[in-house]
Amino acid sequence: MSEAAWVLTVGFLGLLLLGMPLVFALGLSSLAALWLSDIDLVVIAQRVIAGTQSFPLLAVPGFILAGDLMTGGGLSARLVQVAEPLVRHVRGGLGMVSVLASMFFACISGSAPATTATVGSIMIPEMIKRGYSKRFAASLAVCVGPIGQIIPPSIPFIVWGVIAETSITRLFLAGVIPGVLCGLGYMTVCYFMARRYKLPTMPRATLREFIKAINRGKWALFAPVLILGGIYGGIFTPTEASIVAIAYGLVVGLFIYKGLKFRELGSLVLKSMMTTAIVMFIIAVASVFGWLLAYEQVPDKIVAALMGFSDNKFVILLMLNVVLLILGAFMDNLAAMIILGGLLIKLGLTLGIDPVQLGAIVVVNFAVGMETPPFGYSLFVGSAISGLRIEEISKSMLPFFLVDLGMLMLVTYVPWATLWLGKLILG
Amino acid sequence: MLKFVESLSRFLGRVTGWAVVMLATILVGSLLLSVFFRYVVGQALSWPEEISMMAFAWLTLLSGSLGVRENFHVRLTLLTDRLPGKAGRVFELLTNLCVAFFGLVLVYSGYDLVARTAQNLTPTLRLPTDWVNWSAPVCGALVFLHALARLQVSLRGERS
C-alpha cells in the first residue's frame, strides 16, 4: 500500500484508540492522506456535502423522528402492552412478552438502542417485580435491541442500500425471517431459564383483557400496517413511509392518545435531530474517508490478499463473520459500513454472493455488535436503564448470544433465509 | 476574551438548536406536501425533493457542530479512561485542539468550494448551489468555536 493509504488506515485507528471522537478521527486521517497525496483540500467539503445528498438517506432522520414521536405520544407503550396477554401465561412468559414487544416495536422503529430503551424501560421493572433477576431482565432488554434493526424498517439497511446501491425494500424483506427466528430463539431461552430458576408464571389473560389491550392499542397497531404495508404494497418509498409515519405519530400522539403536547414538540424534534446528527455527521465525514480508500485502491488490495489466503467460499465467509463481529464490538456500525463498504462489495462480487444477502450478512453482524461489549449502543442504554454495570449485564447475555450466532450462520450459509421473501413479494 | 468565547459558543449553540428544529420542520413539511400531492391530489410536485435535500445538508452539518458543544459524538474511551488525572487532561486538551484544527480546515475547504461553484445553479429550482455549499464553512467555523470553548474548560482542569 502507498504511504497515504497507511496514514489513512493506521492513523485513523490510532486516533480512535487515543480517544478522538470517531467522526474527527475519520476527518483528520483523511486530511493527512489528502496532504500526502497532494490532492486539493476542496475535496473535503465537496465529499462531506455530497455524503448527505441522497434521497433515500432522508429516511434516517424520518424513522428516528417517527420513533421518538410514537414513544412520546404513547403509541410505543401501547404496542408493548398488546404483547402481554398473548404469552404471559407460558413458562418464562414475561421474558417472552419482552421479546414479542420488541418484535412489534421493531415494525415501527429502525434502531437497536431505541428498541432497548422502549421495551427495557417498561419491561425491566415489570420482570423484576415478578421475581426475575435484575441481570437477566437487563441482559434480555439489551439483546432484544438488535431485533429492532433487523426487522424492518431498519436504519442500517437504509444506509447499506445507499452505499451498495441495492434496493432498500428488498433489503428490508431480507431481515424479516432472521429477525423473527431470532425472536423465537430468545423466547426458547426464556422458557429454559424460567424452568431452571423456577420463575413464577402469570395467570392466562381472559378474552376480555385481550380485547381490551387490542382496543387500547388499535391506533398503535395500525402504525406498522401503514409503514410496512405502504412500502411492500409499492405505494411508498421508504423515505415517504417515514414521513407518513411522522404525520401519523403526530396526529395520534397529539389528538388521540394525547401523550404529546404542542409546546414540547420543539425540544422533542431537537433531541431527535441530535440522535440523527450522531449518525449523519459520521456518514458525511466518512464519505471523504471512503472516497480516499477507493482512490488508493485499498479494498482491491485487501480482497486480493484475502483470496490468496484461501479460495474456499465457506472459509472466507466464516472469516468475514468473525471480522465483522469483532469490528462491530469496537466500532459504530454505520461508520464501519461506509469505511468497509467498497471492500465488502468487492468481496461479495468475487465470491458471487447475492448483493441482498451480502447486505443482510453485514447488517445482522453489526446489529449483534450493538449488544456486545465494549462498544454497543444497546448495551449502554440497558446499563443506563437498569443501573447495572456493563460487565454484569454482559455475563448473563451468553445464552442469547448463542442464538445470535445461530442466526448469523443461517444468514451467512442459507441464502433462502434472506432472499425467499423478497422473491415472493417483489418477484 | 476567555469569557467571550464561552458565551459566544453558548449563544450560537442555542441559535443552532433553533435553526435545526426549523430545518427539520421544513424537511418534513416539504416531503409531506409532496406525498400529499402525489397520492391525494394526484399531481407530483418537483420542488420538495430539492428543498428537502438542501435542508438535509444544513441539518446534518449544523447538528453535527452542535455535537462538539454537547459532546455527543461517539468516541472510544477504553484506554483514555485508565490514564491518571494529569495525562488524561493532556489528552483531552490535544483532542480538542485537533478538533478545532479540523474545524479550520473545513472552513478553508468549504470556502474554496463556495468560491468555485459561485456560478452554478440547481437543476430544478435554478437556485444557486452556494446555498447548500455554505453549510460546510459555517459548520467548520462552529466546530472551531465550540472546540475552542471546550479547550478552555479542559485548560481549567475539568474533565468532560
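In the predicted model, the largest cavity is lined by 13 residues, and those nearest its centre are Pro21(A), Val68(B), Asn71(B), Asn96(B) and Arg150(B). Two elements of chain B, helix H2 (47-70) and helix H3 (85-116), are the ones that give two or more residues to this lining. The largest share, four residues, comes from H3(B). Sorted by class, the lining of the largest cavity comprises five nonpolar, five polar and three charged residues. The space in this cavity amounts to about 100 Å³. In total, the structure holds five cavities of 30 Å³ or more.

Aromatic contacts were examined next. A pair of aromatic rings is described by the distance of the centres and the angle of the planes. Over all chains, 17 aromatic pairs are present. In one of them, the ring centres of Tyr186(A) and Phe400(A) lie 5.3 Å apart and the ring planes stand at 85°; because planes over 60 degrees apart count as edge-to-face, the pair Tyr186(A) and Phe400(A) is assigned to that class. This pair links distant parts of chain A: Tyr186(A) belongs to helix H12 (residues 176-196), Phe400(A) belongs to helix H23 (residues 398-413), and the two residues are 214 residues apart.

Both partners of this contact fall under the 20% limit for burial. Tyr186(A) has a relative accessibility of 0% and therefore counts as buried. Phe400(A), also with a value of 0%, is likewise buried.

With a relative accessibility of 29%, Tyr191(A) counts as partly exposed. Phe192(A) is also partly exposed, its relative accessible area being 47%.

Apart from the ring pairs, a contact between a charge and a ring was found in the model. The charged end of Arg78(A) sits over the ring of Tyr257(A), at 3.9 Å from the ring centre.

How values were computed
Residues numbered from 1 in each chain as written. Chains lettered and ligands numbered in written order. Predicted model: local features only at pLDDT ≥ 70, side-chain atom pairs only at ≥ 80, totals over all residues. Heavy atoms only, no water. Phe/Tyr/Trp six-rings, centres within 6.5 Å; stacked < 30°, edge-to-face > 60°. Buried < 20%, exposed > 50% of the residue type's maximum accessible area, 1.4 Å probe, protein only. Lys NZ or Arg CZ within 6 Å of the ring centre and 35° of its normal. 1 Å grid on protein atoms, 1.4 Å probe; cavity = no way out; pocket = protein on both sides within 12 Å on 5 of 7 lines; lining within 4 Å. Points joined across faces, edges and corners; volume = space filled by probe spheres on them. Nonpolar A, V, L, I, M, F, W, Y, C, P; charged D, E, K, R; others polar.
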